[in-house]
There are 2 protein chains.
Amino acid sequence: MTRRFGFSIHATDGRARTGAIETPRGEIRTPAFMPVGTAATVKAMLPESVRATGADILLGNTYHLMLRPTAERIARLGGLHRFMNWDRPILTDSGGFQVMSLAELRKLTEEGVTFRSHVDGARHSLTPERSMEIQRLLGSDIVMCFDECPALPADRARIEQSMRLSMRWAARSREAFGDRPGHALFGIMQGGLERDLREESAESLKAIGFDGYAVGGLAVGEGQEAMFGVLDYAPGFLPQDKPRYLMGVGKPDDIVGAVQRGIDMFDCVLPSRSGRTGQALTRMGAVNIKNARHADDPRPLDPECSCPACTRYSRAYLHHVFKAGEIISSMLLTWHNLHYYQELMQGLRDAIAAGRLADFAASFHARRAEGDLPPV
Amino acid sequence: MTRRFGFSIHATDGRARTGAIETPRGEIRTPAFMPVGTAATVKAMLPESVRATGADILLGNTYHLMLRPTAERIARLGGLHRFMNWDRPILTDSGGFQVMSLAELRKLTEEGVTFRSHVDGARHSLTPERSMEIQRLLGSDIVMCFDECPALPADRARIEQSMRLSMRWAARSREAFGDRPGHALFGIMQGGLERDLREESAESLKAIGFDGYAVGGLAVGEGQEAMFGVLDYAPGFLPQDKPRYLMGVGKPDDIVGAVQRGIDMFDCVLPSRSGRTGQALTRMGAVNIKNARHADDPRPLDPECSCPACTRYSRAYLHHVFKAGEIISSMLLTWHNLHYYQELMQGLRDAIAAGRLADFAASFHARRAEGDLPPV
């Protein structure tokens with residue numbers, strides 16, 4: 001196993017790529033979907049079950065972990081991997097996005113952000129330097145730059161100002177991160193829906209130099225068409241030979257479209273959150289297990305799926321335990337949804353390797369249309 | 001594997017016995033603890049994990065299942081074993097006890113009980129005949145007679161009247177159950193704390209004839225001393241060659257004391273319910289994982305325990321996920337508690353087989369005293 005961080009592309013199909021990110025903690029097959037383990041757990045899953053779905057890497061949230069149980073405590077306990085019993089790679093976000101969406105009494109300056117914790121009201125601050133320190137304490141394998149991300153729609157002046165601040169923070173993040181062999185630092189492109197700002201952001205990041213590049217500031221309210229509009233050009237501004245990560249995305253069809261546009265990495269709470277609210281994501285579309293029509297249905301959720309929920313239980317059982325408020329409902333549906341996402345990623349990787357991604361995407365869309373289920 | 005229900009005693013030590021109940025769905029090693037799977041799930045556990053703790057049999061609750069999803073629906077779906085993905089034996093209670101503790105607007109007559117569902121307010125009735133029908137529809141391997149159980153303290157007249165009603169219902173249950181090879185029907189002794197009523201009840205049940213005998217009407221508020229007082233004589237009123245089941249018991253030290261007094265089977269929600277409220281049951285006593293002193297503790301819950309919670313996580317992690325309200329907290333602590341119960345049962349079985357139950361019990365009590373933890 002490698003001691004250094006690296007990325008190799010094994011095959012391309014159009015703009016899509018398949019390959020592997022190498023880390024001292026193991027290989028991440030790309031395109032990759034990273035389940036979200038916000039508070040040091042992928043909700044309703046044991047880590048060995050997350051691994052069994054095919055996940056090579058998890059995402060941890062700096063904002064949540066710095067507040068509880070704190071990065072210092074996790075460091076004293078041997079780091080996040082040991083704490084949560086996951087020895088494969090972990091990517092941590094910078095905390096910037098979640099401070100903006102979750103914290104109270106935020107105050108943004110050139111220096112960073114001050115805010116009050118949503119857990120206990122305590123005052124905290126995050127700066128590029130502090131975010132790097134927290135992610136180092138956690139022992140993150142892939143560290144994200146500290147950035148600011150405005151919700152869309154926002155006017156061009158706001159997007160531009162914010163992007164340039166994020167680029168200054170990216171330079172400070174790079175400086176604070178230093179040289180940590182085996183650990184990677186990713187820059188985050190901003191610029192909203194403005195092509196020239198996206199290009200300017202990419203140029204700034206490349207001038208600083210990162211191990212990978214994220215496309216940030218999407219999936220924040222702009223809609224799939226606008227997101228794909230940006231993805232039609234933005235990945236092309238980034239280095240060909242580094243991984244590209246589309247943050248916070250997304251629904252299965254978002255992922256298929258983004259892979260076709262050259263994205264290598266994804267994360268999203270959708271499969272786990274949907275599982276807890278009774279929504280199963282399948283190749284035919286979304287199944288709402290709450291619906292009374294499932295109450296007597298002896299069939300599996302998806303007869304083609306090999307996850308425990310589909311191979312061992314009926315729709316009737318899943319309906320019953322959801323209605324009864326039983327924890328096993330969240331456990332089984334989350335497992336199914338994460339399994340479905342990982343099978344989708346494997347399908348995308350295989351299709352790119354075989355040069356038949358267009359066929360795969362056409363079949364993906366046709367199955368969902370036939371399925372007569374609401375899109376996710 | 002046997003096609004018939006049977007019970008064999010392999011060794012005795014004082015009044016304690018160890019052996020096995022044989023059923024077409026597998027062997028139940030005794031003394032046995034049955035995890036409670038109320039609504040067709042042992043809360044926060046997958047059935048394969050329940051099995052991994054060493055459980056040979058689960059308990060299902062007739063009252064909950066008849067209301068939701070209904071026994072008829074479970075029968076249409078192939079029975080409770082298939083519905084909940086547990087192919088080993090299942091014992092179902094009769095619904096009598098839980099109607100009395102959970103349902104609304106109860107009305108008790110010679111015929112049975114009418115009540116309103118706590119789920120949706122719908123009107124239902126339970127009689128010995130209907131209870132037998134429901135347990136047959138569920139596919140239960142060990143069926144319990146329909147009985148009435150007054151809370152203690154109750155006056156002797158009430159206990160006597162109730163016990164005699166339960167004995168008439170026992171005869172009706174036996175008649176309605178009929179002859180079902182491979183399935184067992186257990187009678188339930190009542191009589192509160194009154195020795196002569198317990199003896200009368202046992203004689204009534206033996207005259208009817210059952211495959212096993214439960215001691216009912218204990219663990220309903222009388223305290224351990226009073227319960228052990230009854231267990232000092234009551235098991236002796238029952239046939240030596242049939243299994244004896246102490247319903248709804250109990251705490252670890254209740255179980256040790258009851259095994260010493262000749263009980264073979266137990267069920268209790270304590271290990272699973274405690275797990276969900278942050279209480280871990282260990283050989284040193286109860287650990288309240290909520291307590292702030294665990295926040296930085298890198299040690300396992302119990303260094304001698306081989307369950308996933310103890311071998312893969314620190315107390316600090318278990319504290320964190322409990323405080324953060326994460327589902328994995330219920331999953332891990334329930335697993336630990338059920339594992340601890342099954343290890344206790346294995347220890348009791350081994351000790352009886354080796355003729356050293358008194359030493360085992362002395363060591364059990366000494367460890368808890370040394371542990372300086374509150375008793376469970």
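**View 1. R76(A) and D296(B) meet through their side chains in a salt bridge, at 2.9 Å from N to O.** A salt bridge here is a side-chain nitrogen of Lys or Arg within 4 Å of a carboxyl oxygen of Asp or Glu, and the rule finds 8 of them across the interface of chain B and chain A. The model is predicted, so that local features need pLDDT of at least 70 and side-chain atom pairs count only at pLDDT 80 or more, while totals for chains, interfaces and linings use all residues. Residues are numbered from 1 along each chain as its sequence is written, chains are lettered from A and ligands numbered from 1 in the order in which they are written, and side-chain values use heavy atoms, with hydrogens and water left out.

**View 2. The interface between chain B and chain A takes 38 residues from each of the two chains.** Contact means heavy atoms within 4.5 Å. About 3200 Å² is buried between the chains, 59% of it from carbon and sulfur atoms; buried area is the accessible area (1.4 Å probe) that two parts lose on being put together, summed over both. Across this interface, 18 residue pairs, both at pLDDT 80 or more, are in polar contact, which is a pair of N or O atoms within 3.5 Å where, within protein, one must be able to donate a hydrogen and the other to accept it, and residues adjacent in sequence count only if both atoms are side-chain atoms.

**View 3. Helix 14 of chain B gives the most to the side of chain B that touches chain A, with 6 residues.** Helices (H or I, at least four residues) and strands (E, at least two) are DSSP runs, numbered from the N terminus. Elements that give two or more residues to this side include helix 13 (315-323) and helix 14 (327-353) of chain B.

View 4. Strands pair if DSSP finds at least two bridges between them, and 4 bridges join strand 8 (residues 113-116) to strand 9 of chain A. F115(A) stands opposite H124(A) in strand 9 of chain A.

**View 5. Strand 15 and strand 16 of chain B form a hairpin with 2 residues between them.** Strand 15 (residues 279-282) and strand 16 (residues 285-288) of chain B pair in the antiparallel sense over 4 bridges, and A280(B) stands opposite V287(B) in strand 16.
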